[in-house]
Amino acid sequence: MKRKRNRISSSSVQSCSQQIVAATLPDDCWETIFRFIINHYDDNHSLRYLNSLSLVSKRFLSITNRLLLSYNVSELNYLRRILVRFTNLTSLNIKGYSSDLNKLLRKISRFPLKQLTSLNISNQPTFPANGLRAFSQKITTLTSLTCSNMHSPNSLNPSHLFLIAECFPLLEQLDLSHPSGGKIYSSSYVDGVEALSLALIKLRKVNLSAFPINDQSLFHLFNNCRYLEEVTLSWCDEITSLGLASALRDKLTLRSLSFSTVKDLEMFSTSQFIDSLVSLKGLTCLVFHNLNISDELLYSIARECLPLTRVGLLGCTGHSYAGIIDLLSKCRRIQHLDLRYTDFLKDQHVVELSSFLVDLVSINLSCCHNLTPSALFTLAKNCPSLSEIKMEKIGGKAVGNSDSLGVYPQLKSLYLGKNSWLSDKIITKFASIFPNLQLLDLNNCNRISEGICQVLRKCFKIKHLNLAGCLEVKLLGMNFVVPNLEVLNLSYTKVDDETLYVISKNCRGLLQLLLEKCNGVTQKGMQHVLENCTHVLDYSFKMKKKYKSS
């Protein structure tokens with residue numbers, strides 16, 4: 001008599017193996033593994049992966065409950081469940097919330113979010129004064145508040161500054177930038193800023209771009225906030241050179257200053273302004289936009305050898321290449337350089353200045369119309385740490401023999417949008433020269449067609465591809481797998497359902513597909529994407545008009 005053999009299924013073996021592995025690893029190891037997984041994605045995608053992991057076991061559920069630290073609130077359906085489960089949340093983003101924000105903030109305040117430190121309520125029609133007051137009474141740990149881009153006129157008024165000062169005394173970071181109606185100046189705003197500066201004694205970082213602030217308010221801010229390290233004041237029209245100089249004088253804690261104005265006739269290079277600026281011995285970031293400066297200002301910074309790692313001179317006037325090269329030759333630690341709209345820059349200048357930029361990580365030379373693609377290759381060749389180049393709207397021609405250009409694997413991000421000279425032949429050469437690209441932005445390059453398929457074949461590490469506005473782009477030749485592509489922007493192109501079928505078949509790892517105003521797309525094409533690209537979430541489709549029914 002034959003014995004019946006007990007057959008053990010492969011799934012049972014796999015399940016048993018998983019349990020053994022899970023039992024042998026301590027919680028902190030699993031936490032490290034899970035963090036590695038979710039840190040690769042945005043907040044909502046992280047939540048999706050945490051939900052999947054939590055289904056494995058109660059132990060994994062307990063571990064994953066500790067891992068979600070930030071959350072983007074887009075709808076109320078699952079909010080209660082999220083706030084009950086993830087009590088370690090440190091950041092909430094309610095940006096652009098379309099319903100009653102006062103009511104929502106009151107609801108959130110009822111949950112035990114004892115570690116919440118950051119709140120973003122930007123892009124709102126009105127300032128939620130009542131909701132914030134209720135929120136502050138229950139949640140007292142907030143150190144960062146962002147209230148930028150309030151829509152309605154006077155949506156951020158002086159009384160709101162007093163409310164912030166009263167309710168959130170522990171703030172270290174505050175963003176009140178770009179309030180609608182911010183061109184109205186009154187003594188009430190001066191009093192409000194003074195109240196903020198007196199109450200927020202721990203304030204380190206502030207963004208008041210386009211905010212109704214004048215010289216007097218600025219003095220209060222710098223004088224009373226003793227630990228201020230980072231200040232952004234873009235498009236602050238009422239701040240003068242004299243006022244900024246007085247505020248900056250001997251502010252030794254300041255590490256970062258970004259300033260711009262539309263007053264292009266005023267010189268921001270007086271001796272008083274220069275003396276105040278070079279007194280900032282710990283300054284590592286300096287960004288000027290649309291200012292009338294001088295070579296003497298740049299010479300003075302160079303003489304002091306300030307420890308600058310980030311420099312931006314965007315659309316500035318009054319200076320020359322002599323001032324720039326003197327600054328770069330003396331300040332050798334620069335990692336990030338932004339010289340947009342510097343029309344006097346030419347290819348030979350880039351050859352010289354690149355020799356001083358051995359630590360350069362990113363550079364933006366967009367709208368430098370006298371530069372050619374040759375400058376791009378010079379930078380890649382001479383800057384061994386360079387991983388990001390932005391050169392949108394530059395001149396064409398002057399590349400030379402492509403066989404002698406070399407290969408530069410260190411470059412990861414390349415922005416070449418709005419360059420009419422870019423063609424299939426040129427971008428195919430770029431793909432050979434920069435094989436490790438992870439981000440490629442070619443928006444509004446209308447000579448690009450089928451060549452983009454060759455780029456994707458050669459640069460198989462690309463994660464983010466922007467082809468918005470490329471009217472002639474064709475992806476039907478993409479008959480191969482593109483394993484790492486996560487974000488694809490095809491807005492304002494002529495793509496159709498057939499193209500979407502090819503994408504859904506070969507780009508299974510897509511997380512976000514942007515198809516704004518793609519009139520050739522129907523619901524049938526979208527269905528292919530949703531069925532095959534299973535990681536894409538619905539909210540990632542940004543389309544202003546409905547698809548045509550199939």
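Me: Which residues have the most contacts inside the largest nonpolar core?
Reply: A nonpolar core is a set of buried Ala, Val, Leu, Ile, Met, Phe, Trp, Tyr and Cys residues joined through side-chain atoms within 4.5 Å. Buried means under 20% relative accessible area, exposed over 50%, and partly exposed in between (1.4 Å probe, protein chains only). The largest core has 168 residues. Those with the most contacts inside it are L277, F288, F434 and I452.

Me: From which number are the residues counted along each chain?
Reply: This is a predicted model: local features need pLDDT of at least 70 and side-chain atom pairs pLDDT 80 or more, while totals for chains, interfaces and linings use all residues. Side-chain values use heavy atoms, leaving out hydrogens and water, and each chain is numbered, as its sequence is written, from 1.

Me: Which residues does L277 contact, beyond its neighbours within four places in sequence?
Reply: Contact means heavy atoms within 4.5 Å. Neighbours within four places are set aside. The partners of L277 are then L248, L257, L283, L286, F288, L297, I301 and L306.

Me: How many helices and strands does the protein have?
Reply: Both are DSSP runs, numbered from the N terminus: helices are H or I with at least four residues, strands are E with at least two. The count is 20 helices and 18 strands.

Me: Why does α17 count as roughly parallel to α18?
Reply: Axes are lines fitted to C-alpha atoms, for helices over the stretch in contact, and angles run from 0 to 180 degrees between N-to-C directions. Under 35 degrees counts as roughly parallel, over 145 as roughly antiparallel, 65 to 115 as roughly perpendicular, and the rest as oblique. The axes of α17 (residues 424-433) and α18 (residues 451-458) come within 8 Å and cross at roughly 5°. That makes the pair roughly parallel.

Me: Which residues of α10 meet α11?
Reply: Helices α10 (residues 215-224) and α11 (residues 241-248) pack at about 10°, with axes 9 Å apart. On the α11 side are G243, L244, A247 and L248. On the α10 side are D215, L218 and F222.

Me: How many residues of α8 are buried?
Reply: Helix α8 spans residues 158-167 and is mostly covered. Its buried residues include H160, L161 and C167.

Me: Is N436 buried or exposed?
Reply: N436 is found in the loop between α17 and β15 (439-441). Its relative accessibility is 18%. N436 therefore counts as buried.

Me: Which residue has its backbone oxygen 3.1 Å from a polar atom of the side chain of N436?
Reply: Leaving aside neighbours within four places in sequence, N436 is in contact with P409, L411, K412 and K461. The backbone oxygen at 3.1 Å belongs to P409.

Me: How far apart in space are K103 and A134, C-alpha to C-alpha?
Reply: K103 lies in helix α6 (residues 101-108). It is partly exposed, at 44% relative accessible area. K103 and A134 are 31 residues apart in sequence, and in space 9.7 Å.

Note on methods. A polar contact is a pair of N or O atoms within 3.5 Å; within protein, one must be able to donate a hydrogen and the other to accept it, and residues adjacent in sequence count only if both atoms are side-chain atoms.
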